[in-house]
Amino acid sequence: MRLARVVGAVGRVLITVGVLVLAFVAYQLWGTGLQEARAQSQLEAEFEAALTPTTVPGTTTTTTTGPEPTTTTTTTAPPPVKGDAVARLQIPRIGVDKVVVEGVSLDDLKRGPGHFPGTPLPGELGNSAIAGHRTTYGAPFYDIGELEEGDEILVTTPRGEFRYLVSSVTVVRPDQVEVLDPSDDARLTLTTCHPRFSARQRLIVVATLDGEALEPATPPEAPTLPALPDDGPDGDDPDGDDPESDDEQEGDDPAGTGGDRVISGQVIGENAAAGLSGDPTARVPALLWGLAAATIWLAAWFVSTRWRRWPPYLLAFPFFAVALFLCFEQVGRLFPANI
């Protein structure tokens with residue numbers, strides 16, 4: 001009898017753990033997608049407003065060399081604000097149509113693909129880099145590994161519409177930050193985790209601008225390199241289907257180098273790694289919310305043994321579901337930002 005009770009208890013524990021694991025997988029694959037869809041709706045409105053022509057202040061310079069003075073006005077723009085909608089990314093071959101946000105932190109990439117601070121904006125001269133999820137939060141880069149040379153990538157920004165043609169699809173190590181190095185041509189670099197559901201490597205898609213590039217509208221700033229946090233656990237990569245991008249994970253730029261257009265690829269890559277490696281500070285909140293969920297369920301079980309069987313569970317379930325959801329939110333933050 002005693003052995004039967006032990007076996008029964010172990011079986012119930014294993015079933016409970018299995019249900020929780022399945023619930024977390026469902027949250028990662030579908031629940032996060034609902035969050036991303038709501039965020040994209042908001043970004044759509046923001047981006048449409050950003051397309052409205054505005055007058056940008058400029059610097060006027062008067063040159064006295066020559067027979068008559070010549071006045072030249074140089075137009076500049078402030079660097080994009082972190083979290084703002086900066087572009088629309090469309091990849092017809094794999095059905096991608098997303099608004100891109102400025103930044104590649106955990107919170108930024110929950111809303112859609114993120115533009116690496118410190119790289120040029122799409123359409124400008126240089127190496128413009130964008131990171132995106134491959135399996136969670138709408139998985140915008142899920143099929144990015146299926147792209148082939150010559151496939152087109154369309155990008156719209158407040159400065160115009162631009163057409164890029166894919167030139168290479170590769171897989172690199174997470175430490176190969178040279179994929180984010182500045183370039184003399186106008187290119188677009190898309191990065192995500194590889195393979196799918198893993199962050200062991202990075203899938204990199206490089207495309208070249210088909211047309212004339214614009215000069216960067218944002219004045220360069222002095223780059224600074226922040227201290228990097230400890231790496232979090234290997235996270236799922238919402239993008240892992242191809243053998244391609246391993247090196248450059250797009251990381252949030254905690255140092256505030258968002259407007260720098262001449263910052264080195266090494267600095268950008270290291271800053272990206274800081275954001276894309278996961279948030280180790282989420283460990284304690286994840287544990288606390290997990291304990292809260294367990295406490296609520298155990299309390300319901302205790303009351304059910306002394307009252308009626310099902311009413312305590314029905315009353316406790318809404319509170320349990322909220323605590324479990326918040327626990328899953330924090331656990332998800334431990335994974336790399338673009339899994």
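Phenylalanine 320 is buried in this predicted model, because its relative accessible area is 14% and buried means under 20%.

**Aromatic pairs**

A pair of aromatic rings is described by the distance of the centres and the angle of the planes. By the rule used here, the count comes to seven aromatic pairs. One of them joins tyrosine 27 and phenylalanine 328, whose planes stand at 40 degrees, so this pair is tilted; planes under 30 degrees apart would count as stacked, and those over 60 as edge-to-face. Tyrosine 27 belongs to helix 1 (residues 2–50) and phenylalanine 328 to helix 5 (residues 311–333), so the pair ties together parts that are 301 residues apart in sequence. Both tyrosine 27 and phenylalanine 328 are buried.

Phenylalanine 320 forms a tilted pair with tryptophan 297. This pair also links distant parts of the chain, with tryptophan 297 in helix 4 and phenylalanine 320 in helix 5, 23 residues apart. Tryptophan 297 counts as partly exposed because its relative accessibility is 34%, a value between the 20% limit for buried and the 50% limit for exposed.

| Aromatic pair | Centre to centre | Angle between planes |
|---|---|---|
| Tyrosine 27 and phenylalanine 328 | 5.9 Å | 40 degrees |
| Tryptophan 297 and phenylalanine 320 | 4.8 Å | 45 degrees |

Tyrosine 27 and phenylalanine 328 are also members of one aromatic cluster, together with Phe24 and Phe325.

**Charges over rings**

Aromatic rings also meet charged side chains. The charged end of arginine 196 sits over the ring of tyrosine 142, at 3.7 Å from the ring's centre. Arginine 309 lies over the face of tryptophan 310, and here the distance from the ring centre is 5.3 Å.

**A nonpolar surface patch**

Leu298, Trp301, Phe302, Val303, Trp307 and Leu315 make up a nonpolar patch on the surface, and together they have about 670 Å² of accessible area. Helix 4 (residues 283–306) gives the largest share of this patch, four residues. Leucine 298 is found in helix 4. It counts as exposed because its relative accessibility is 54%, and exposed means over 50%.

**Paired strands**

Strand 7 (residues 152–157) pairs with strand 8 (residues 160–172) in the antiparallel sense, over six bridges. These two strands form a hairpin with two residues between them. Within this pairing, threonine 157 stands opposite glycine 160 of strand 8. Strand 8 is also joined to strand 10 (residues 201–209) by eight bridges, and strands 8 and 10 run antiparallel. Valine 171 stands opposite leucine 203 in strand 10.

Note on methods. Residues are numbered from 1 along each chain as its sequence is written. This is a predicted model: local features need pLDDT of at least 70, side-chain atom pairs count only at pLDDT 80 or more; totals for chains, interfaces and linings use all residues. Side-chain values use heavy atoms; hydrogens and water are left out. Patches are made of residues with over 30% relative accessible area and no salt bridge: like charges are joined within 9 Å, nonpolar side chains (Val, Leu, Ile, Met, Phe, Trp, Tyr) within 5 Å. Accessible areas come from the Shrake-Rupley method with a 1.4 Å probe; for residues, only the protein chains shown count as cover. A salt bridge is a side-chain nitrogen of Lys or Arg within 4 Å of a carboxyl oxygen of Asp or Glu. Buried means under 20% relative accessible area, exposed over 50%, partly exposed in between (1.4 Å probe, protein chains only). Rings of Phe, Tyr and Trp (its six-membered ring) pair if their centres lie within 6.5 Å; planes under 30 degrees apart count as stacked, over 60 as edge-to-face and the rest as tilted. A charge sits over a ring if NZ of Lys or CZ of Arg is within 6 Å of the ring centre and within 35 degrees of the ring normal. Two strands pair if DSSP finds at least two bridges between them.
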